[in-house]
Amino acid sequence: MSVLVYTENWDGKFKKLSYELVSYGSKVAEMLGTTTTAVTIGNVNDDELNTLGKYGADKVLCLQSENLKNLDSQLYTNAIAKVAQDEGSKVIVISNNNSGKSIAPRLSVKLKAALGSGVSQLPLSTSPFTVYKRTFSGAAFAHVVLKTDVKIITLTQNSFDIVENSKQVKVERVDFQTDAPKTVVKDVQKQTGKLLLTDAEIVVSGGRGMKSPDNWGPLEELAELLGGATACSRPVSDEGWRPHEEHTGQTGKIIAPNLYIAVGISGATQHIAGVSGSKYIVAINNDKTAPIFEVAQYGIVGDAQKVLPQLVEAVKEIKGK
Amino acid sequence: MKILVCISHVPDTTTKVKFVDGDTKLDTNGIQWVINPWDELSLTRALELKDNASTGVSSVTVAHVGPATTEPTIRKALAIGADNAIRVNADPADAYFVAAQLAEVVKQEQFDIIMCGIESSDYNGSAVGSMLAEFLDIPSVSAVSGLNIENNEAIITREIDGGKETVTVPTPFVAIVQKGIAKEPRIAAMRGIMMARSKPIKVIEPVAIDPLTEYVKFELPKPRAACKFVDPENPKELITLLQNETKLI
């Protein structure tokens with residue numbers, strides 16, 4: 001019956017996110033007493049495919065087709081549905097990222113399989129099959145029973161630790177036949193050389209308290225020293241101080257890093273909604289009544305312009321730079 | 001071209017949610033209801049497209065699945081500028097149920113572009129738009145941050161992990177919209193509010209669909225430990241704490 005994990009690759013490479021999904025899928029398979037199959041689409045070399053075995057994949061399928069070069073939600077859905085049916089998969093695990101959100105709901109209709117989306121833990125029970133997910137933009141969590149024979153779960157990024165669980169993995173390549181895609185890609189603009197906000201384990205984020213877009217230097221330096229990404233609050237992206245891709249909050253990016261450092265951000269409900277999944281929140285704000293301090297574990301009531309350079313120096317010291 | 005914008009009726013974000021009946025149901029007492037923020041952005045973009053004569057957009061319709069009590073939310077969409085509205089008279093049981101009902105709406109009246117918000121701020125499913133497209137067997141494009149119509153063709157910008165792509169798809173299609181598509185939602189002017197009163201809301205009865213999921217229990221997040229404050233004169237202490245206590249740096 002197997003658990004099927006859709007592991008997206010980026011130009012033939014897997015990211016931590018793929019290993020999280022396989023780790024999660026193989027734990028669900030253990031709960032059900034079955035095996036884990038990972039499926040990926042595109043040109044991926046054998047070494048890379050074999051790495052999935054380290055995190056618990058018993059079998060890896062690599063689908064290859066010229067028509068699947070770019071994401072076309074219909075074709076990708078059809079491909080994963082076909083694999084799920086061939087494998088007799090009872091649970092399908094997909095990332096809750098942009099591509100996952102475009103495939104999983106379609107797959108739910110195609111297979112008439114209940115969808116538990118934005119899940120952040122292992123199922124609470126397998127009978128009835130109950131998942132735990134974020135609702136009301138992080139203001140509450142829900143226990144959701146997936147009532148169908150086949151179930152689909154989309155897993156929130158960074159919510160499940162990678163677990164090594166080495167298996168003797170069997171890798172198969174499949175020449176996959178499909179129709180021509182209806183989604184035609186005319187242009188691609190890749191963000192290069194920068195850690196993606198959704199992938200980052202440490203995020204340093206600035207709000208209106210930064211006072212001017214010219215003051216971002218020390219914030220970016222701190223993020224770089226910590227190996228993290230930069231983010232911002234909504235007013236900052238609305239003002240055009242930072243690109244809207246950096247906006248974290250209810251209508252921006254929902255992120256769940258290990259450490260979120262909020263600088264000059266008061267912590268409006270909408271902002272908290274986007275970052276409440278963080279393991280630790282640090283707040284730096286000159287207003288001691290700012291709501292961000294209610295959700296932060298560590299805080300400094302002070303001026304960002306004075307505090308940030310000192311934090312940069314302290315990190316340089318411990319990193320020996 | 002005809003555009004359909006699917007709207008959902010959600011508690012205002014600042015509402016403190018509470019639950020009743022042994023934490024199985026949302027306590028609706030005192031909730032201020034609004035159009036789901038991403039749906040409002042979709043509506044804004046749809047109206048901007050209609051305002052530009054070169055796009056050939058002739059009408060913007062809103063569709064909603066909900067009981068009669070949700071009509072003020074639909075009236076708000078009409079006041080902002082939607083031309084007409086359709087309400088499927090049913091409690092929205094789950095995303096699958098809602099998408100199936102919306103698919104019936106689309107089958108009854110043809111639309112070229114169907115817009116849905118990327119998620120709703122209540123159940124955060126990110127599911128209805130893509131499910132609707134699959135029910136209709138038409139293309140869908142997710143994480144759309146730009147939508148234009150040039151020479152009768154939709155030019156779409158979508159966010160991918162690590163960048164952006166410009167894509168085209170044939171109509172009809174579903175655009176699943178995120179931030180960036182439009183800047184600020186429009187505010188209903190008095191004239192719009194007056195006009196909205198006379199605009200029709202077509203009410204249709206639901207088709208029989210069994211939901212695939214059931215929300216059996218809600219819980220509030222566990223309170224975080226109280227904030228540990230560091231002396232602003234000695235910010236380095238923060239780094240020491242993060243190093244020793246969180247082991248993250």
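Trainee: How far apart do the C-alpha centres of domain 1 of chain A and domain 2 of chain A lie?

Mentor: Happy to start there, and keep in mind that this is a predicted model. The domain assignment of chain A gives domain 1 as 2-175 and domain 2 as 202-319. Between the C-alpha centres of these two domains, the separation is 32 Å.

Trainee: Which residues in domain 1 of chain A lose the most area to domain 2 of chain A?

Mentor: Let's look at the contact itself: domain 1 of chain A brings six residues and domain 2 of chain A brings seven residues. The area buried between them is about 460 Å², with 37% coming from carbon and sulfur atoms. On the domain 1 side, three residues together make up 73% of what that side buries, and they are Arg134(A), Ser137(A) and Asn158(A).

Trainee: What area is buried between chain B and chain A?

Mentor: Good one to ask next! The size of an interface is often given as the accessible area lost when the parts come together. Here 79 residues of chain B are in contact with 90 residues of chain A. Carbon and sulfur atoms give 58% of the area buried between the chains, which is about 7500 Å².

Trainee: Which element gives the most residues to the side of chain B that touches chain A?

Mentor: Across this interface there are 43 residue pairs in polar contact, both at pLDDT 80 or more. Elements giving two or more residues to the chain B side include α1 (37-51), β9 (140-150) and α6 (236-246) of chain B. By class, that side has 39 nonpolar, 19 polar and 21 charged residues. The top contributor, with eight residues, is α6(B).

Trainee: Which residue of chain B meets the side chain of Arg234(A) in a salt bridge?

Mentor: The count between chain B and chain A is seven salt bridges. In one of the pairs joining the chains, the N to O distance is 3.1 Å, and the partner of Arg234(A) is Glu184(B).

Trainee: Which strands stand at the edges of the open sheet of six strands?

Mentor: This sheet has parallel pairing, in the order β13(A)-β12(A)-β14(A)-β15(A)-β16(A)-β15(B). Each edge strand has a single partner, so one side of each is left without a neighbour in the sheet; the two are β13(A) and β15(B).

Trainee: In β16(A), which residue is the bridge partner of Ile284(A)?

Mentor: β15 (residues 280-285) and β16 (residues 298-301) of chain A pair in the parallel sense over four bridges. The bridge partner of Ile284(A) is Ile300(A).

Trainee: How many residues apart in sequence are the parts tied together by Lys167(A) and Asp58(A)?

Mentor: These two form a salt bridge, with the closest N and O atoms 3.7 Å apart. Lys167(A) lies in the loop between β9 and β10 of chain A and Asp58(A) in the loop between α2 and β3 of chain A, so the parts they tie together have a sequence separation of 109 residues.

Key. Residues numbered from 1 in each chain as written. Chains lettered and ligands numbered in written order. Predicted model: local features only at pLDDT ≥ 70, side-chain atom pairs only at ≥ 80, totals over all residues. Heavy atoms only, no water. Domains from an automatic or database assignment. Contact = heavy atoms within 4.5 Å. Buried area = accessible area lost by both parts, 1.4 Å probe. Salt bridge = Lys/Arg side-chain N within 4 Å of Asp/Glu carboxyl O. Polar contact = N/O pair within 3.5 Å; in protein donor to acceptor, adjacent residues only side chain to side chain. Nonpolar A, V, L, I, M, F, W, Y, C, P; charged D, E, K, R; others polar. Pairing = 2+ DSSP bridges.
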